[in-house]
Amino acid sequence: MDGMKSNPDFAAISAVLKENLELSGSPVAVKIVTAPEQIPTGVPEIEETIRHCRMISLAREGKVFYATDAKHQCNGGAWALGLRAKGETLRSGEFYYKLGKYESLSSSRRTMDSVPSLPQETYATLYAPLEKAEFAPSVVLIFAKPKAMLKLAQTVLYQLGGRIYPQFSGIQSVCSDATAHVLLSGKPNFSLGCDGSRRFSGIADEEMVVGFPVEMIEEIAKHLSTVVNAAGSKK
């Protein structure tokens with residue numbers, strides 16, 4: 001598997017995550033594809049044109065597919081994922097200002113200037129439930145309730161301790177916060193979701209989203225049960 005020192009058992013890892021976190025649906029493997037030959041033989045391109053956050057939900061439900069730029073409906077998501085250039089209304093802040101999310105054009109632009117995005121080198125995005133991933137993912141995303149997120153956060157700190165510093169701004173939570181930022185930083189990121197993803201993707205009101213660099217997911221699965229069943233954990 002390209003870019004990985006070992007071949008993790010993604011099916012086993014997914015089973016551990018599902019059982020210990022009581023997940024509704026699967027963890028989702030996402031790969032940022034920079035050339036057509038990186039797409040496994042037999043994986044279809046999605047037929048409909050939808051948002052990245054909705055694609056995550058489809059993979060969470062069991063589907064395996066890829067999406068080129070033409071299949072990405074959301075300009076903000078496609079830009080964050082490196083599929084297309086940042087549009088003028090995103091660059092100026094006008095898009096989110098007109099949606100009423102900011103008091104001024106300047107505050108909207110200031111926020112947009114700080115939203116992480118991948119270089120414009122992406123050919124397609126590739127999705128699968130983690131247990132079906134026959135490729136080396138870039139990141140693994142999990143939708144879960146706050147109690148499960150607590151256990152994941154504690155597991156992140158299990159070996160080395162410290163603190164976690166999530167980054168989010170209430171917009172572009174699944175495409176930027178949980179995908180682009182995680183890939184760029186090499187660190188997990190917890191996000192509250194955003195209006196777009198909650199409206200279009202299927203994230204429940206009581207759920208959050210977290211993204212993990214794939215290099216971390218094996219260690220998370222290794223220690224998760226210990227953290228969940230620790231004497232100090234709420235049962």
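Does tyrosine 96 count as buried or exposed, and at what relative accessibility? At 9% relative accessibility, tyrosine 96 counts as buried, where buried means under 20% relative accessible area, exposed means over 50%, and partly exposed lies in between (1.4 Å probe, protein chains only). The structure is a predicted model, in which local features need pLDDT of at least 70 and side-chain atom pairs count only at pLDDT 80 or more, while totals for chains, interfaces and linings use all residues. Residues are numbered from 1 along each chain as its sequence is written, and side-chain values use heavy atoms, with hydrogens and water left out.

Tyrosine 96 leads on to the aromatic pairs. Rings of Phe, Tyr and Trp (its six-membered ring) pair if their centres lie within 6.5 Å; planes under 30 degrees apart count as stacked, over 60 as edge-to-face and the rest as tilted. A search of the whole structure finds 3 such pairs. One of them joins phenylalanine 95 and tyrosine 96, whose ring centres are 4.9 Å apart with planes at 90°, so this pair is edge-to-face. Phenylalanine 95 is partly exposed, with a relative accessible area of 38%. Another pair is formed by phenylalanine 190 and phenylalanine 212; the ring centres are 6.5 Å apart and the planes stand at 80°, so it too is edge-to-face. Phenylalanine 190 lies in strand S5 (residues 189-191) and phenylalanine 212 in strand S6 (residues 208-213), so the pair ties together parts that are 22 residues apart in sequence. Helices (H or I, at least four residues) and strands (E, at least two) are DSSP runs, numbered from the N terminus. Both phenylalanine 190 and phenylalanine 212 are buried.

A ring also takes part in a charge arrangement: arginine 51 lies over the face of phenylalanine 200, at 3.7 Å from the ring centre. For this, NZ of Lys or CZ of Arg must be within 6 Å of the ring centre and within 35 degrees of the ring normal.

Next come the salt bridges, of which the structure holds 7; each is a side-chain nitrogen of Lys or Arg within 4 Å of a carboxyl oxygen of Asp or Glu. Among them, arginine 54 and glutamate 61 meet through their side chains at 3.7 Å, N to O. Arginine 54 is partly exposed, with a relative accessible area of 26%, whereas glutamate 61 counts as exposed at 55%. Because lysine 98 and glutamate 94 are 4 residues apart in helix H5, about one helical turn separates them. Lysine 98 is exposed at 64% relative accessibility, and glutamate 94 is partly exposed at 28%. A further salt bridge links lysine 101 with aspartate 195, with 2.4 Å between the closest N and O atoms. Lysine 101 lies in the loop between H5 and H6 and aspartate 195 in helix H9 (residues 195-200), so the pair ties together parts that are 94 residues apart in sequence. Lysine 101 is partly exposed, with a relative accessible area of 30%, and aspartate 195 is exposed, with 51%.

Histidine 72 sits in the loop between strand S2 (65-68) and helix H3 (75-80). This histidine 72 is buried, with a relative accessible area of 4%. Its side chain joins that of threonine 125 in a polar contact of 2.8 Å, meaning a pair of N or O atoms within 3.5 Å; within protein, one must be able to donate a hydrogen and the other to accept it, and residues adjacent in sequence count only if both atoms are side-chain atoms. Leaving aside neighbours within four places in sequence, the contacts of histidine 72 include Thr49, His52, Arg84 and Tyr127, contact being heavy atoms within 4.5 Å.

Cysteine 53 is found in helix H2 (residues 52-60) and is buried, with a relative accessible area of 10%.
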